[in-house]
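These are my notes on one model, kept in the order in which I looked things up.

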Amino acid sequence: MENGSLFMLIGLRLLQNNNDSLPISKENKLGEDDSMKKLYMILPLVLILCFVVGCQDKEVMAELEEFRAQAALEEQNIALVRHMYEELNKGTAADLEAAKELAVPDYSHYYPSGNPKPVSFEEMWASLLPIFEAFPDFNWSIEDVFAAGDKVVVRIVFRGTHQGEFMGIPPTGKKVEVGGLNILRIENGKFVEDWEDADMLGWMIQLGMELKPKEER
Amino acid sequence: MCNTEIEEQNKALILKWCEEQDKGNIDVFLDLFAPDFLYYDPSNSPNPMSKRETYEYLIEGFKLFKKVSHKIEEIIAVDDKVIVRAICHFTHKGEFQGISVTGKEVEFSEIVIFTIRDGKVIEAREETDRLGWFQQLGFELKPKEEK
């Protein structure tokens, strides 16, 4: 009851200021009468204030508690996402086992975000292995991250040097920078599903590919 | 808590923008977006488009579309940001880079992060399955020809 206590303190301070010393001095008979009158006036007011504030306090406190709990959960979710990208940046097959613990068994990964056929956590990790190999200095950096309810939105940039064959393209030695946006849903501290869109076309163009009309065969 | 009202207003602004695009009403862009608006597509573009450039890009782009529809799968408002995950459904007309695209229907996904200040959009960062879009139009990736 923080607000209630605050008013109590203010009330006591008012009483204190009206008397030069506490407790009320019995020796100062002139002062005593004055002080006692003021006490009788102020004390009921203070008590009423405490009562009124106390009642409103409960509603405000409940709302505040809910708000705080939500904010704490969102902070935890953001921390989980940061941790997941840290694991990703380590990127060895062994870390798949550690990374898997972060997700539920029936995790779904939608890439592109509108893909009607999501993949599992293992399938997603398996699709990353060629990237780890072709871009040995790979790194996913979080440029921006926000949480809302059970979702975390993250804007990332993938960086790496093309040193191994990737998607049929022989190594070019080119440094790439590829943007991505990811919406992740988290329940009870584990990833449940995520939807991602990324600049795959830009990635391919940076590796020296271009779009041409399909040849008739 | 006091954020919620602004978040709702921001959501409504973005929903309106999506609706107007679907009606083919591009001019509303000039009202809903701030003068210092910057458009990042891809989301990490080193050369974002200005408001003027984006408007011209939209006008040019819409010449290729007979019909446009954005199906919003998800919309999230948090602080000054609105995040949209949508499926774009375009029916094309005319020619694009030498290919006739008339009648071609494409469907691809996108995620956009909008930043809003004082009721106007000041920034948009977008990722689109553009590769999927072009593949559906009849394009494929080939190594760049040495010239």
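In what order do the elements of chain A run from the N terminus on? I read them off as α-α-α-β-α-β-β-β-β-α-β. Helices (H or I, at least four residues) and strands (E, at least two) are DSSP runs, numbered from the N terminus.

**Ground rules.** I note that the model is predicted: local features need pLDDT of at least 70, side-chain atom pairs count only at pLDDT 80 or more, and totals for chains, interfaces and linings use all residues. Residues are numbered from 1 along each chain as its sequence is written, while chains are lettered from A and ligands numbered from 1 in the order in which they are written.

**Chain A overall.** I looked up burial and found that buried residues make up 23% of the 217 residues in chain A. A residue is buried if 20 or more other C-beta atoms lie within 10 Å of its own, exposed if 12 or fewer, and partly exposed in between, with C-beta atoms placed from the backbone. Of the chain A contacts with a separation of 6 or more, 56% come from residues 24 or more positions apart. Two residues are in contact if their C-beta atoms, placed from the backbone, lie within 7 Å.

**Sheet of chain A.** I traced an open sheet of five strands in the order 1-5-4-3-2, with mixed pairing. Two strands pair if DSSP finds at least two bridges between them. Strand 1 (103-110) and strand 2 (139-148) stand at the edges with a single partner strand each, so one side of each is left without a neighbour in the sheet. Neighbouring strands of this sheet are turned by 20° against each other on average, direction ignored. For that angle, axes are lines fitted to C-alpha atoms (for helices over the stretch in contact), and angles run from 0 to 180 degrees between N-to-C directions. Strand 1 of chain A runs parallel to strand 5 (residues 190-198), and four bridges join them. In this pairing I found A:H109 opposite A:D194 of strand 5.

**Interface.** How many residues of chain B are in contact with chain A? I have 33 residues of chain B against 31 residues of chain A. On the chain B side, the elements that supply at least two residues each are strand 2 (65-78), strand 3 (81-92), strand 6 (105-117), strand 7 (120-128), helix 4 (130-137) and strand 8 (139-143). That side divides into 15 nonpolar, seven polar and 11 charged residues. Here Ala, Val, Leu, Ile, Met, Phe, Trp, Tyr, Cys and Pro count as nonpolar, Asp, Glu, Lys and Arg as charged, and the others, Gly among them, as polar. I also found strand pairing between the chains: strand 6 (residues 209-213) of chain A and strand 8 of chain B are antiparallel over five bridges. A:E210 stands opposite B:K142 there.

**Strands of chain B.** Strand 1 (residues 33-40) and strand 7 of chain B run parallel, joined by four bridges. B:F33 has B:V121 of strand 7 as its bridge partner. Strand 7 is also joined to strand 6 of chain B, antiparallel, by eight bridges. I noted B:F114 opposite B:A124 in that pairing. Strands 6 and 7 of chain B form a hairpin with two residues between them, and B:D118 in the turn has a positive phi of about 50°. B:D118 counts as exposed, with 8 C-beta neighbours inside 10 Å.

**Backbone exceptions.** Most residues other than glycine have a negative phi, and most peptide bonds are trans. B:D79, in the loop between strand 2 and strand 3 of chain B, has a positive phi near 55°. B:D79 is partly exposed, with 13 other C-beta atoms within 10 Å.

Where is a peptide bond cis in chain A? One joins A:Y111 and A:P112, with omega about -10°. A:P112 is in the loop between strand 1 and helix 4 (121-134) of chain A. In chain B, a cis peptide bond joins B:D41 and B:P42, with omega about 5°. B:P42 is in the loop between strand 1 and helix 3 (51-62) of chain B.

**B:P48.** I looked up B:P48 in the loop between strand 1 and helix 3 of chain B. Is B:P48 exposed, partly exposed or buried? With 17 C-beta neighbours inside 10 Å, B:P48 is partly exposed. B:P48 touches B:L38, B:Y39 and B:Y40, not counting residues up to four places away in sequence. B:P48 and B:L38 are 10 residues apart in sequence and 5.8 Å apart in space, C-alpha to C-alpha.
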